[in-house]
Amino acid sequence: MNRFLIPLVAFLVLVVFLAIGLSLDPREVPSPLIDKPAPGFRLAQLRDSGKTLAVEELRGQVWLLNVWASWCAPCLEEHPRLLELSQARTVPIVGLNYKDSRDAALKWLAKHGDPYSTIVTDPDGRVGIEYGVYGVPETFVIDRHGIIRYKHIGPLTAEALQGAILPLVRRLQT
Amino acid sequence: MTPELGHFSLIVALTIACLQAGLPLAGAARGNVAWMQVARPAAQAQFLLVALAFGCLAWSFVNNDFSVLNVASNSNSSLPWYYRLAATWGSHEGSLLLWVLMLSGWMCAVSLASRHLPLAMVARILGVMALISIGFLLFMLLTSNPFERLLPPAPDGRDLNPLLQDPGMVIHPPMLYMGYVGFSVAFAFSIAALLGGQLDATWARWSRPWTTMAWVFLTVGIALGSWWAYYELGWGGWWFWDPVENASFMPWLTGTALIHSLAVTEKRGGFRAWTVLLAIITFSLSLLGTFLVRSGVLTSVHAFATDPARGIFILVFLVLVIGASLSLFAWRAPRVGLGGQFGLVSRESALLANNVLLLVAAATVMLGTLYPLFLDALNLGKISVGPPYFEAVFVPLMAPAVFLMGIGPLAKWKQATLPELAVRLRWALAVALVTAALLPLTLGKWTPMIAFGLLLALWLTASGVANLWERLTQLSMAGGAAPLSYLKQLPRGYYGMLLAHFGVAVFVTGVTLVRGYETEKDVRMVTGDSVEVGGYRFRLDGLVGVKGPNYDATRGIVGVFKGERRTGTMQPEKRIYHVQQMPMTEAAIDTGFTRDLYVSLGEPLGGGAWVVRVYHKPFVDWIWGGAFLMGLGGILAVSDRRYRLARRAAQAIPAAAGAARA
Amino acid sequence: MKLLPALILAMSAMLTEAADAPPVAEDPVLEKRVIRLASELRCLVCQNQSIADSNADLAADLRRQVREMLKAGKTEEEVRAFMVQRYGDFVLYNPPVKTATALLWAGPFVLLVVAVAALFLALMRRRAQIDERELTPEERERARTLLAGGGEKRP
């Protein structure tokens with residue numbers, strides 16, 4: 001009797017995994033850069049193309065890096081929350097304008113509002129690759145020492161902000 | 001009205017299915033003949049109702065009824081009528097309806113072709129199939145109704161995905177589903193046998209033709225899918241180990257094991273419990289495939305749009321059906337007797353070894369497909385398992401199986417000896433070795449992989465010829481006439497086996513040669529430029545704009561030359577479909593027995609220049625040719641007179657042992 | 001392009017020296033390596049395609065990255081490591097061999113060994129259980145009748 005039960009048992013084990021699988025997202029790519037130093041860059045700024053910004057200049061404060069583009073529809077979804085966040089002055093938001101044109105980006109900000117303290121441009125996506133960006137929008141939380149502490153993939157939702165990002169920011173700021 | 005009629009048909013079909021499940025199964029348990037007799041007419045009624053529902057949906061598609069949500073989401077008025085028809089099964093909901101149509105079709109076929117089966121068995125078989133039907137009908141009616149209305153109606157539809165606007169779409173899903181669903185018959189036979197307690201050689205003989213037919217459909221369905229990907233995607237690849245492809249391959253592997261296991265059960269009464277388990281496993285893999293494609297658990301190019309509710313429903317259904325069958329198996333299988341004794345070297349052992357290798361291969365494919373899910377569920381990280389893995393593990397498993405295919409048919413039932421087999425096969429092996437060693441040299445390049453692949457294919461062919469010759473000479477020695485005159489006397493089942501095995505040899509040859517010898521060039525061409533690939537010269541003679549029924553295209557006119565002689569013109573296209581604005585590559589393929597020439601347009605580079613990809617693929621069509629030969633072999637086997645019901649008195653049996661080894 | 005001018009051009013091309021089309025890639029040998037490596041790397045925005053097969057922007061960017069690194073003399077191992085550092089193991093279609101994937105890589109072999117062992121055990125058990133004996137004279141007679149074509153009613 002024993003060995004005839006093996007197929008049933010094996011099947012039930014499989015079912016458990018499949019059931020867990022229903023709650024997972026097979027396409028989400030977790031970042032291996034958590035708790036590692038934010039990759040360095042020195043990029044031209046969007047608003048004043050003569051000036052540049054380097055990652056090192058942001059040491060000493062907790063900041064968010066928000067990857068966005070004017071051609072990205074979900075970026076529009078999260079934009080109101082970014083605006084609220086910037087008005088509350090909780091944490092500086094640095095924008096990484098990803099694979100975009102200056103004109104289009106500036107027009108978009110003029111139309112929808114500008115929550116960013118600074119914006120740098122990454123026209124061919126190289127810095128994006130350094131940060132493991134694979135879609136827009138993405139948001140990173142980086143601490144005073146320049147270490148990436150969190151990555152949010154997709155538009156920022158109220159739950160993500162309240163539940164994960166803002167508590168983390170507050171903790172890092174103390 | 002029509003959609004509502006279709007919807008209503010499905011509801012009535014569900015009611016009939018409940019009757020078809022409840023009464024016959026209870027009747028078989030209690031010996032109530034009247035209840036058991038409900039099974040056949042109920043199955044036929046169900047088929048008519050589901051066909052009616054399917055017809056209603058197809059009608060809505062062909063007639064551009066955009067008040068039906070499914071039609072609006074998957075069709076368009078500028079789509080040619082045959083693609084509007086194919087779009088009926090182009091979505092999750094529509095393909096489910098196709099599934100149920102196939103299921104009721106097989107049910108109806110069983111109800112009509114089962115006069116020789118005892119009523120209790122028929123009642124149980126149809127009852128079990130009805131239970132499956134209930135599950136799918138409920139699934140459709142509760143979560144995936146194809147007849148849902150869109151009010152107000154859309155002015156036009158979102159169009160069928162351009163990748164699906166192809167003859168392949170018209171035939172591949174129906175064939176594939178006939179295969180998937182066909183294994184439900186073998187499954188139902190097995191459950192009926194477990195329930196009724198009759199599990200013997202006769203049972204195997206009854207279920208064998210049904211199982212083989214399902215296998216044929218699945219083989220052809222998978223081959224068509226592969227061929228379609230090859231000419232549609234523009235890259236010349238033909239198998240990607242994508243989760244959905246794997247989901248169809250796993251039941252094929254276990255299904256192949258099943259048809260071989262059934263052979264033993266039919267002829268020697270052995271492997272009974274194992275055969276039953278295989279039938280349950282094969283159909284379970286079909287159902288698992290349904291789950292994987294529609295639940296969102298795995299990423300795949302083939303996956304339908306997903307919804308967690310659907311995933312949960314299917315999973316619950318899986319647990320009920322497979323859990324119940326495996327429990328029934330655990331309970332009843334120990335009582336099933338064993339067949340005759342057989343030695344360690346014998347045809348039975350060879351077939352068992354074949355089963356083991358095929359099952360391990362199927363388990364390996366499942367391991368690779370589901371491993372990312374396992375790790376993610378256990379929070380151990382996220383990995384991808386792709387072609388490099390599958391190719392590394394699959395070939396070492398299959399090579400011994402192919403080698404055994406040469407030996408098995410020659411081995412005697414019950415007891416054979418290795419030395420005797422070696423003597424009978426020595427010429428086949430010698431021929432195979434020598435040819436495999438020398439052939440690559442004549443073709444221009446020798447690598448171990450090419451030689452090994454050819455060795456396997458040649459071994460299969462040579463051992464098949466040796467087998468045939470041996471039987472013919474044995475008949476000749478007994479009967480006195482020339483060996484070849486006995487060709488007509490050998491049973492069709494035997495030729496079916498030879499042909500199917502030969503199909504495998506053809507397949508292996510195709511894969512080996514195309515991998516080993518294909519060449520390609522990616523070039524930048526303006527009109528007038530030419531390029532040499534594979535001994536042919538390809539010249540871009542011009543580029544024209546073309547207007548299709550629902551797309552605009554740039555078509556390249558490419559002249560093909562061998563030496564000075566023009567052998568043909570190829571016309572690859574780059575299409576933009578109006579509705580979805582999706583660019584699509586239509587490769588131009590010059591199909592030949594010994595090679596394919598494959599030309600596709602890449603991106604425009606400006607100034608009239610285009611990226612053009614030119615491939616020379618030797619023997620690539622042998623891949624699908626081999627698969628079709630396998631299918632043909634299966635059909636031959638099914639048409640063996642053993643299964644034909646109008647058989648009269650036993651024919652004279654020749655004294656020689658040869659013919660009796662049918 | 002209209003067909004007629006194209007034909008005229010084509011005919012004039014036939015009369016002059018036919019130009020041999022230059023390869024798209026600057027360096028076809030390098031490109032072969034790029035494609036081979038790219039077909040092992042996953043396109044992260046696609047539904048299960050490699051960056052060699054995909055037309056997506058990210059795929060093109062990553063192919064460019066691979067090309068530049070190989071051109072600069074990096075080994076294929078280094079390119080893979082680069083990708084994994086930024087995207088994790090998910091980006092490799094050829095799963096790495098480490099503790100978490102031990103079962104994956106060893107699995108097929110282990111399954112084979114277990115299956116063959118199970119087969120042997122089953123066959124041994126079978127041997128013990130099957131009782132093979134000679135036919136009795138009555139059974140022999142019955143067999144002879146059946147083989148000669150005389151049917152018998154099924155009980």
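## Chain A: order of elements and overall form

From the N terminus on, the elements of chain A follow the order α-β-β-β-α-β-α-β-α-β-β-α, and they amount to five helices and seven strands, where helices (H or I, at least four residues) and strands (E, at least two) are DSSP runs numbered from the N terminus. The radius of gyration of chain A is 20 Å, well over the 16 Å that the globule rule gives for 174 residues, so chain A is more spread out than a compact globule; this radius is taken over C-alpha atoms, and the globule rule is 2.2 Å times the number of residues to the power 0.38. Along its principal axes, the C-alpha trace of chain A spans about 80 × 35 × 30 Å.

The model is predicted, and local features need pLDDT of at least 70, side-chain atom pairs count only at pLDDT 80 or more, while totals for chains, interfaces and linings use all residues. Residues are numbered from 1 along each chain as its sequence is written, and chains are lettered from A and ligands numbered from 1 in the order in which they are written.

## The sheet of chain A

Chain A holds an open sheet of five strands in the order E5-E4-E3-E6-E7, with mixed pairing, two strands being counted as paired if DSSP finds at least two bridges between them. Strand E5 (118-122) and strand E7 (148-153) of chain A are the edge strands, each pairing on one side only. Neighbouring strands of this sheet are turned by 20° against each other on average, direction ignored; the axes behind such angles are lines fitted to C-alpha atoms, for helices over the stretch in contact, and angles run from 0 to 180 degrees between N-to-C directions.

At one end of the strand order, strand E6 (residues 138-142) of chain A pairs with E7(A) in the antiparallel sense over five bridges. Within this pair, A:Val141 has A:Tyr150 in E7(A) as its bridge partner.

## Chain B: architecture and confidence

The secondary structure of chain B comes to 19 helices and 10 strands. Its radius of gyration is 27 Å, close to the 26 Å that the globule rule gives for 662 residues, so chain B is as compact as a globular protein of that length. Taken along the principal axes, the C-alpha atoms of chain B fill a box of roughly 75 × 70 × 55 Å. The domain assignment, whose bounds come from an automatic or database source, gives chain B domain 1 (1-165), domain 2 (167-333 + 345-410), domain 3 (417-517 + 622-642) and domain 4 (521-619). The centres of domain 2 and domain 4 of chain B, taken over C-alpha atoms, are separated by 38 Å.

The mean pLDDT of chain B is 90, and 97% of its residues reach 70 or more, pLDDT being the predictor's confidence in each residue, from 0 to 100. Over residues 646-662 of chain B the pLDDT is below 50, and beyond near neighbours in sequence this stretch has 20 contacts in the model, a contact being two residues whose C-beta atoms, placed from the backbone, lie within 7 Å. Where pLDDT is low, the predicted coordinates should not be read in detail.

## Strand pairing in chain B

An open sheet of four strands in chain B has the order E1-E10-E9-E8, with antiparallel pairing. Its edge strands, each pairing on one side only, are strand E1 (519-525) and strand E8 (588-591) of chain B, and the twist averages 15° from one strand to the next. Within this sheet, strand E9 (residues 595-606) of chain B runs antiparallel to strand E10 (residues 609-618) of chain B, the two being joined by nine bridges, and B:Ser600 stands opposite B:Arg613 in E10(B).

Elsewhere, strand E2 (residues 530-533) and strand E3 (residues 536-547) of chain B pair in the antiparallel sense over four bridges, with B:Val531 opposite B:Phe538 in E3(B). The hairpin of E2(B) and E3(B) has two residues between the strands, and in this hairpin B:Gly534 takes a positive phi near 60°.

In the contact between chains B and C, 47 residues of chain B meet 43 residues of chain C. Helix H13 (347-377), helix H14 (387-407), E1, E2 and E3 of chain B each supply at least two residues of the side that touches chain C, and H13(B) gives the most to that side, with nine residues. The residues of this side of chain B divide into 28 nonpolar, 11 polar and eight charged, with Ala, Val, Leu, Ile, Met, Phe, Trp, Tyr, Cys and Pro counted as nonpolar, Asp, Glu, Lys and Arg as charged, and the others, Gly among them, as polar. The contact of chain A with chain C takes 11 residues from each of these chains, and the residues on the side of chain A that touches chain C divide into six nonpolar, three polar and two charged.
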